[in-house]
Amino acid sequence: EKVLAQATLAGAAADRWHTLKLQFSGTRIRGYVDGKPVVEATDALYGKGMAGLLAGPAASGLGMPYYRDVVVNRVDGALPPPTQPLPGQAPMYGRAR
């Protein structure tokens, strides 16, 4: 694994949802949390391919992030319609209210 940038978020809590946005433009990568820029990096190793998200270790051990409503799309791309679950399929985790 190759770490391009990292940040510690003040006020991040285990019981709150946040909006994460990653923006790729050429070799520049920017990361936003709740609409605010938090990291920026430049890397030319991969021009295209898969995306991955990793949350670093917590004070108590390995972090356990939960993701929902993940969309990977081009910057100017239309938002795709929600995916419908297959018969018998259910979310792994209940949504926080």
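The side chain of Asp43 reaches the backbone nitrogen of Leu45 at 3.3 Å. This is a polar contact, a term for a pair of N or O atoms within 3.5 Å; within protein, one atom must be able to donate a hydrogen and the other to accept it, and residues adjacent in sequence count only if both atoms are side-chain atoms. The structure is a predicted model, in which local features need pLDDT of at least 70 and side-chain atom pairs count only at pLDDT 80 or more, while totals for chains, interfaces and linings use all residues. Residues are numbered from 1 along each chain as its sequence is written, and side-chain values use heavy atoms, with hydrogens and water left out.

The predictor's confidence in each residue is given as pLDDT, on a scale from 0 to 100. The protein has an average pLDDT of 77, and 77% of the residues score at least 70. The protein contains 3 strands and 0 helices, where helices (H or I, at least four residues) and strands (E, at least two) are DSSP runs numbered from the N terminus. The order of the elements from the N terminus is β-β-β. Among these elements, the mean pLDDT is highest in strand β3 (residues 36-42), at 93, and lowest in strand β1 (residues 20-25), at 85.

Two strands are said to pair if DSSP finds at least two bridges between them. Strand β2 (residues 28-33) pairs with β1 in the antiparallel sense over 6 bridges, and Phe24 stands opposite Ile29 of β2. The hairpin of β1 and β2 has 2 residues between the strands, and Gly26 there takes a positive phi near 60°. β2 and β3 also run antiparallel, joined by 6 bridges. In this pairing, Arg30 has Glu40 in β3 as its bridge partner. The hairpin of β2 and β3 has 2 residues between the strands, and Asp34 in the turn has a positive phi of about 55°.

Of the 97 residues in the protein, 7% are buried; buried means under 20% relative accessible area, exposed over 50%, and partly exposed in between (1.4 Å probe, protein chains only). Val33, in strand β2, counts as buried because its relative accessible area is 15%. With neighbours within four places in sequence left aside, Val33 is in contact (heavy atoms within 4.5 Å) with Leu9, His18, Thr19, Leu20 and Val38. The C-alpha atoms of Val33 and Leu22 are 9.0 Å apart, and the two residues are 11 apart in sequence.

Asp43 lies in the segment after β3 and is buried, because its relative accessible area is 14%. Beyond its neighbours within four places in sequence, Asp43 is in contact with Lys2, Leu4, Thr27 and Ile29. Lys48 is also placed in the segment after β3, but is exposed, because its relative accessible area is 78%. Along the chain, Lys48 and Gly26 are 22 residues apart, and their C-alpha atoms are separated by 9.8 Å. Of the contacts in the protein between residues at least 6 apart in sequence, 37% join residues at least 24 apart.

The charged end of Lys21 sits over the ring of Tyr32, 5.0 Å from the ring centre. A charge sits over a ring if NZ of Lys or CZ of Arg is within 6 Å of the ring centre and within 35 degrees of the ring normal.
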